[in-house]
Amino acid sequence: MMRDSVIYQDIWEQSRKQEALSLVRRLLYLRFGEINSSLIERVQGLSVEQLEALVEVLFNRSEMADVEVWLEQEQRREGQVALITRQLKRRLGEVEPSLMERIRGLSIAQLEALAEALLDFSGVSDLVGWFEQLR
């Protein structure tokens, strides 16, 4: 029962984020040595899912420039998600959390396509249909 509480979920999420953040900071240090504070600030603003993705980036990329490019792309992607979220709410009202999660999982190219398609949506069923076409 306690695990279902909002407070417990919030504490759990914060704990997950701190663990992921700690791992990313350690990997950055081991890989590149001292890291500037502006990069650390950018990393601290990432979600748990983004931190987990950054761990993969750190294993697969060999230069700090690769990490910087990834962070810039994530920032751009997050901006697109925020814009699409605002547009959806304005156009369709509240959208189910499961659909919002699917939107957050889209690539930059898919987000751009969704932003364009959104202009023709008249209901949530159009969004669901758009996702069906992705398969």
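1. Helices, as the term is used here, are DSSP runs of at least four residues, numbered from the N terminus. On that basis the elements of the protein chain run α-α-α-α-α-α-α from the N terminus on. The count is seven helices and zero strands. The model is a predicted one, and the remarks below should be read accordingly.

2. As to overall dimensions, the C-alpha atoms of the protein chain fill a box of roughly 50 × 40 × 25 Å along the principal axes. The chain has 135 residues, of which 33% are buried. Among the contacts with a separation of 6 or more, 66% join residues 24 or more positions apart.

3. Helix 4 deserves a point of its own. It covers residues 64–92, which is 29 residues. From its first C-alpha to its last, helix 4 reaches 41 Å, close to the 42 Å expected at 1.5 Å a residue. Helix 4 is followed by Gly-93, which has a positive phi, near 85 degrees.

4. Which residues of helix 4 are buried? They are Val-67, Trp-70, Leu-71, Glu-74, Arg-77, Gln-80, Val-81, Ile-84, Thr-85, Leu-88 and Leu-92. These buried residues pack against helix 1 (6–32), helix 2 (37–44), helix 3 (48–60), helix 5 (97–104), helix 6 (108–117) and helix 7 (124–134).

5. Gln-87 also lies in helix 4.

6. Two packed helices are described by the angle between their axes and the distance between the axes. For helix 3 and helix 4 the angle is about 155 degrees, and the axes are 11 Å apart. Angles over 145 degrees count as roughly antiparallel, and helix 3 and helix 4 are therefore roughly antiparallel to each other. The crossing of helix 3 past helix 4 is right-handed. Helix 3 contributes Gln-50, Ala-53, Leu-54, Val-57 and Leu-58 to the contact, while helix 4 contributes Val-67, Trp-70, Glu-74 and Glu-78. By class, this contact of helix 3 with helix 4 holds six nonpolar residues, one polar residue and two charged residues.

7. Helix 4 and helix 6 pack at about 25 degrees, with 10 Å between their axes. Since angles under 35 degrees count as roughly parallel, this pair is roughly parallel. The crossing of helix 4 and helix 6 is left-handed. On the helix 4 side the contact is made by Gln-73, Arg-76, Arg-77, Gln-80, Val-81 and Ile-84, and on the helix 6 side by Ile-108, Leu-111, Glu-112, Leu-114 and Ala-115. The residues of the contact of helix 4 with helix 6 comprise six nonpolar, two polar and three charged.

8. Are helix 5 and helix 7 parallel or oblique to each other? Their packing angle is about 45 degrees, with the axes 12 Å apart, and the two helices are therefore oblique to each other. The crossing of helix 5 and helix 7 is left-handed. Leu-99, Arg-102 and Ile-103 of helix 5 meet Val-124, Leu-127, Val-128 and Phe-131 of helix 7. In this contact of helix 5 with helix 7 there are six nonpolar residues, no polar residues and one charged residue.

9. Turning to helix 1, Val-24 is found there. Is Val-24 buried or exposed? Because buried means under 20% relative accessible area, Val-24, at 0% relative accessibility, counts as buried. Not counting residues up to four places away in sequence, Val-24 touches Val-43, Leu-51, Leu-54, Val-55 and Leu-58. One of these residues, Leu-54, also belongs to the contact of helix 3 with helix 4, as does Leu-58. Val-24 and Gln-44 are 20 residues apart in sequence, and their C-alpha atoms are 9.7 Å apart.

10. Ala-20 is found in helix 1 as well. Its relative accessible area is 12%, and Ala-20 is therefore buried. The C-alpha atoms of Ala-20 and Leu-46 are separated by 10.0 Å, although the two residues are 26 apart along the chain.

Notes
Residues numbered from 1 in each chain as written. Predicted model: local features only at pLDDT ≥ 70, side-chain atom pairs only at ≥ 80, totals over all residues. Heavy atoms only, no water. Expected span 1.5 Å × (residues − 1). Buried < 20%, exposed > 50% of the residue type's maximum accessible area, 1.4 Å probe, protein only. Contact = heavy atoms within 4.5 Å. Axes fitted to C-alpha atoms, helices over the stretch in contact; angles between N-to-C directions. Parallel < 35°, antiparallel > 145°, perpendicular 65-115°, else oblique. Left-handed = near helix turned anticlockwise from the far one by under 90°. Nonpolar A, V, L, I, M, F, W, Y, C, P; charged D, E, K, R; others polar.
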